[in-house]
Amino acid sequence: MGCNSTVRLGDVIRLEDAKREPISARRRNERKGTYPYFGAQGVVDHLNDYTYEGEYLLVAEDGENLRSRKQPIANAVSGRFRVNNHAHVLRGTERCNLIYLRHLLNSMDISGYITGSTQPKLSQFNLLNITMALPDIDTQNVISFLLKSFDEKISLNNRLNGYLEELLFAKYDELFPAESEHDGTLADIGTVVGGATPSKKRAEYYCENGIGWITPRDLSNSSDKFIAQGAVDLTEEGYSSCSVKLLPAGSVLFSSRAPIGYVAIAAANVTTNQGFKSIVPKEEFGTAFVYCFLVRNKKKIADMGAGTTFPEVSGSMMRSVPLSLPSGQLCAEFSAFAHPILEQQRSLELENRNLCLLRDTLLPKLMSGEIDVSKVDLTQLNSHL
């Protein structure tokens, strides 16, 4: 296995943008089906036919994420699908492993190739002219195999969490049918708590590894159900400087504006900004019931929002959300059923965060050659795993 050589991306991949097609929402409504229709950051619809088949890499062509990099700009896709004109379509060659390339592009600084002040864009020309240090294909294959092992375990955990979520809601719907008459409000099952933001002009109010402070953006950037920290934390001084409230673990966070309807569970004591109307569940109802109720009714709650600049659900609106008060016996039955599910989901999310951290720590060491994989026998490794 040789050392890295500097290459031009266009010389080591096949660009297959020619079969992309922008399709309007009206036309898509007439062509609904089972084949994914991808955009810059994922699936935007499902259609009744496809233009691509096989394994590809989609690289965002435009969008703010090209600058902010809050999500990966390169994503693997496989099977049969379509793509709109907001993502470039790349196919691997005998010189380039797509798994390796995906991790490389997502870790690289490509800001010099991005144009556009208001709408960032990565043109075909600039994409193909990205230069990068690329090892020989054998080295790429070994590194890709190691990285794929992490990715597959993370994907497996996500699928398991999805099955657990379906199981949770199947039980909830069985015990608490939606057509039941309303005889109570959200205020009957928990305390509604708003949030606040310490002055952004005071750097000493913010830190790392302090008091968890959550914003709606933190939930928009994560698919996790449980959260303990956001992008930044509060210092004790920041916490004391404003009306922000400490929410105990097990509180259910509900974003009440811009946008309305993100739902998460506090995995530890946290605070939030004013974009939330969170619920501290009463003990007799429990976290699981409140969480399921909010998820099932988030559209109805969002429709209650009011405001001239953007819709917002006030504290009084949140407290007045109607519901059917469940009996103590049903709540106890549901809590006993839900508790091990929530614990397993929280454990799987924690494992995924640790796997991502380990993978991302290894990634630059593998790609720079600091960790030497030249002696790895891929056949033996594959057989062992």
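**Ground rules.** I number residues from 1 along each chain as its sequence is written. The model is predicted, so local features need pLDDT of at least 70, side-chain atom pairs count only at pLDDT 80 or more, and totals for chains, interfaces and linings use all residues, while side-chain values use heavy atoms, with hydrogens and water left out.

**Helix 11.** I found one of about 35 degrees at Ala338, with Pro340 following within four residues. Just after the helix, Gly369 has a positive phi of about 90 degrees.

**Helix 3 against helix 11.** Next I checked how helix 3 (residues 98-107) packs on helix 11: the angle is about 100 degrees and the axes are 11 Å apart. Axes here are lines fitted to C-alpha atoms, for helices over the stretch in contact, and angles run from 0 to 180 degrees between N-to-C directions. That makes helix 3 roughly perpendicular to helix 11, a label for 65 to 115 degrees (under 35 is roughly parallel, over 145 roughly antiparallel, the rest oblique). Which residues meet? On helix 3 I noted Tyr100, His103, Leu104 and Ser107, and on helix 11 Arg359, Leu363 and Met367 (contact means heavy atoms within 4.5 Å). By class, this contact has four nonpolar, two polar and one charged residues. For the classes, Ala, Val, Leu, Ile, Met, Phe, Trp, Tyr, Cys and Pro count as nonpolar, Asp, Glu, Lys and Arg as charged, and the others, Gly among them, as polar.

**Helix 5 against helix 8.** The axes of helix 5 (residues 137-175) and helix 8 (residues 286-296) come within 11 Å and cross at roughly 90 degrees. Helix 5 is therefore roughly perpendicular to helix 8. Helix 5 brings Glu165, Leu168, Phe169, Tyr172 and Asp173, and helix 8 brings Phe289, Tyr291, Cys292, Phe293, Val295 and Arg296. I count this contact by class as eight nonpolar, no polar and three charged residues. Helix 8 is mostly covered, with eight of its eleven residues buried (under 20% relative accessible area; exposed is over 50%, partly exposed in between, with a 1.4 Å probe and protein chains only). Among the buried ones are Gly286, Ala288 and Val290.

**Arg91.** I found Arg91 in strand 7 (residues 87-91), partly exposed at 26% relative accessible area. Glu16 is 75 residues away in sequence, yet the two C-alpha atoms are 7.1 Å apart. Leaving aside neighbours within four places, the contacts of Arg91 include Glu16, Glu53, Glu55 and Tyr56.

**Positive phi.** Most residues other than glycine have a negative phi, so I looked for exceptions. Arg69, in the loop between helix 2 (65-68) and strand 6 (74-83), has a positive phi of about 55 degrees and is partly exposed at 25%. Asn209 has a phi near 60 degrees. Is Asn209 buried or exposed? At 69% relative accessibility, Asn209 counts as exposed.

Notes: The bend at a residue is the angle between axes fitted to the seven residues ending there and the seven starting there. Helices (H or I, at least four residues) and strands (E, at least two) are DSSP runs, numbered from the N terminus.
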